[in-house]
Amino acid sequence: MSALTAPAATLDPPLWEGVGTVVDDALMLPGLRSVPASGQPDDSGLEDPLRLGRKMRLRLLAAVQALMADPSIARLKDAPKLAAVVMYAKSRAPKGEKSDLQTSIWGSELGRWMGMKESTVHHKVLPVLRGSGALRTRVVRDAKGHPTGLDCLVMPLWNAHHGGGAGHPLALSKAELATLLRLIEALFGHGWTPENKEPTPPGLLAGRTGKGAATDRLGLLLMVLHTRASGWLQLCGGSVRKKEGRGAATLARLLGCSPSGARKVLARLTEAGVVARQRKATSTRMNGRGKVMLLPVARAYGRSLASVEAVQGPDPVFLARPDGACGDHAPADVAGALGTTGICGAESAEETADQERPDGAELHAVHASVVTPVVPLQLSCGFSGEAREGEASRPERVCVREDQAVDGETAVAESAPPTAGDGPLRGEKPKESPVDERDGQPAAGAVAGDQPKASGWEKAQQQRRAGLPADLGLRVALGPVAGLWQRLSGWQQDQVAAAAKAEVKRLAGLLEQPEAAARLLADRLTDRLEETGGEALVSRPYPWLIRRGLVQRQACSDRRCDDGIRLDTGGECENCGNVLHIRRARRAKIAAEVDRELPGLSEGERRRVLEERLREQAAIEAEGLVRRREQARAEQARRDAARAAARKRAEREREAAAAADAVRQALPCEDCGQERAAGLCEACDHRRQTETLIGEAGLIAAAWSADLTDPGTVAAVTAGARTAIGDSIATAWQEFLQIADVAALEANPEAAEDAYAFAAFQTAQQAVQEYQDDALAMLGRTEEAEAEARRAFKAEQGRPWFQHNPSGADAIAAATKAADAARERTAQYLLTERLEQLREQASARTETAAAAPWTDRLPELAARPLDNDATPAVIA
């Protein structure tokens, strides 16, 4: 008999062994049976992997359908779908608060599961799953860097545990995943022979390979999960095409393909001996309604060999349901006779041919009245579907309150899991919710692992922020890791926020545009997640963020380098290329030295010597780097000390200047004696400046209109300029009095003196500018200025770009502009030279006058008017 038509007795050996005889079957959950004990199955078929309880079958069916309906898998072909189902069944169930949902597999092994070649898996299955987001993979390497396997994470499963909650169809328990994997092994497992263990035979479709193998396997799995204990497939209703039939239409709906394609799959499965199709005979000898039987399921539930062969033979045989069939609706006496309750008893009966609900079955399951002690099961091998060690408790989310006493007031049995309690499936109102609905954390009275949760941890969990920080920069920077942020505690969120803020500030100091620092950190976190394989593969978010995600990795000595990328430009780091080039050149140089010094070495000896010298060179470079760092630190300390000393010196200078200014502000006026005038009051300052400007105006007037060699002429011109400016000051003062408040000026003589001094100062400034403009204009007409202008005119006409047309309009305009500039420069030069000559003559006369005796100077001083006489009278 071939592997495809082998009876159920040749399937995988049971997993469990050494089960104590005192185990009470009444404690087994309805439809959730432990994996069978080790050893060959008996004649009853209770240990057959295809013998599923009704609730277990529906539970696995809901999980497979939810997996195939996921948006990332729904539109894929059958091969990627089957690969997702296999890796889902091989995934590890979460343990406590840890969500280790990965599975390890090889490409060749996955190909044997699917009946495909390894190259097909690597080119048409895994890339498609990764591209749609249904799968995350990570290559596992040994110490030498050689790949040893592939860690896979089915993303719909991860999303179900982290977003769907405990009631999600994909959130199977450990026992349920083990049951699904055993079922898949029995259907199309490739078989293996472990060391020191009994061999596992291949599944029913293990020999089916090549084109369509994945579709056949997936179709068989779905039909088995839709098949009742009788072995007959539940066919769809409604109208179907006569050519394909109702069985093909049902399989088409399961696979999501056309009825014609499903008919071909059904034909191949029939040819393989796992499916039988018949039509019910009628009294008119015409074919009636068609039916499809899954032969392995029928054999697993104890259908007699004669009945199965009758279905396979030419004459159809249909067995009616017996009156005494038991199940989830069986009477108490029947259940007690079987020693089981619920679906376990329903689908464990040996004498029944069709074990669906009979006509006379009652409408409620029979439950155990008391809790019976359980002997812990002894594990036989390290199979992935083994239950928790030392526990006989039920898996999560199934049959709550099963081990509670009849009165309903006693405490839950110690063997029950912490989450077992009141639930809506039993029609009872919960007395106390074990979960805090505010943030999803266990309440203060809830226990986990038979120990109460620490109040500090609960408080920290309640204080954590669900969203990212309010700061806009941090929200942008931590946006790519928002999922990891939600998995952190309150203290961890504060630490990550502080580290991210410090990194953003540091990056802002390196960039020309500091506002781009937050976006740059977000890009870094995105790259780090791509390296890891996504948020789903980060099992410990806080260490990953602190030590890997937020940390800059310099590939060279440049502070702007991060993994070979320049932070400021976003391009490749040139310094990294230089470092790589230098290392390659050094390696080539050392290799040449080895060949020259030690010729004739074998390849292995040459490599050993080369590696030793490279290590020596690396050690020398490391010592040099340490030395340079020490020098840099010493230099930095010296610069810091110098800057600190400079700051102290500048502070002392500022204090000294402030003290000197305070002293100067306290000095009286040198001219009028006004208190706290900083040595000179405003009015006296204006008088001094006015006197200086009048003298400057007289020199400017004498520079172009007087004979510089004749002191008398210079004195006459200077006196005339002084008289003219004095008249202008008097005129400006009269104009000021006409618009000012004379009474206020008479009441405040000091204000009148200040106003007169300021008016004289402004008039003198205007006069100096007018005298200077007149002097430049007159000196520009001198022979020297005209000669310089002619030379500049001719030089501009002789420029290379004007040589072709020196008399043109452009040439004449440019030459005229150059001549005017030369004339102005010459006039300015002449004025500066003549003023310097006049100042030297005035200085000589002052020295001569200072040396004169007092008898000669007193008459001149006596003729000068006093200061009081110089004060102008306020004329109304």
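In which strand is the place of L135? L135 lies in strand β2, where strands (E, at least two residues) and helices (H or I, at least four) are DSSP runs numbered from the N terminus.

The model is predicted, so local features need pLDDT of at least 70 and side-chain atom pairs count only at pLDDT 80 or more, whereas totals for chains, interfaces and linings use all residues. Residues are numbered from 1 along each chain as its sequence is written, and side-chain values use heavy atoms, with hydrogens and water left out.

The protein chain contains 29 helices and nine strands. Of its 876 residues, 38% count as buried, a class that means under 20% relative accessible area, with exposed over 50% and partly exposed in between (1.4 Å probe, protein chains only).

L135 counts as buried because its relative accessibility is 2%. Leaving aside residues up to four places away in sequence, L135 touches M87, L126, L129, R130, C152, L153, V154 and M155, contact meaning heavy atoms within 4.5 Å. L135 and C152 are 17 residues apart in sequence, and their C-alpha atoms are 6.8 Å apart in space.

The open sheet of three strands has the order β1-β3-β2 with antiparallel pairing, and two strands pair if DSSP finds at least two bridges between them. Strands β1 and β2 stand at the edges with a single partner strand each, so one side of each is left without a neighbour in the sheet. Neighbouring strands are turned by 30° against each other on average, direction ignored. Seven bridges join β2 and β3 in the antiparallel sense, and T137 stands opposite C152 in β3.

| β1 | 103–105 |
| β2 | 135–141 |

The axes of helix α2 (residues 78–89) and helix α6 (residues 174–188) come within 8 Å and cross at roughly 130°; axes are lines fitted to C-alpha atoms, for helices over the stretch in contact, and angles run from 0 to 180 degrees between N-to-C directions. That makes α2 oblique to α6, since angles under 35 degrees count as roughly parallel, over 145 as roughly antiparallel, 65 to 115 as roughly perpendicular and the rest as oblique. In this contact L82, V85, V86, Y88 and A89 of α2 meet L177, L180, L181, I184 and F188 of α6.

The largest nonpolar core has 79 residues, and those with the most contacts inside it are Y88, L110, L129, L187, F188 and M223; such a core is a set of buried Ala, Val, Leu, Ile, Met, Phe, Trp, Tyr and Cys residues joined through side-chain atoms within 4.5 Å. Helix α2 gives the most to this core, with nine residues.
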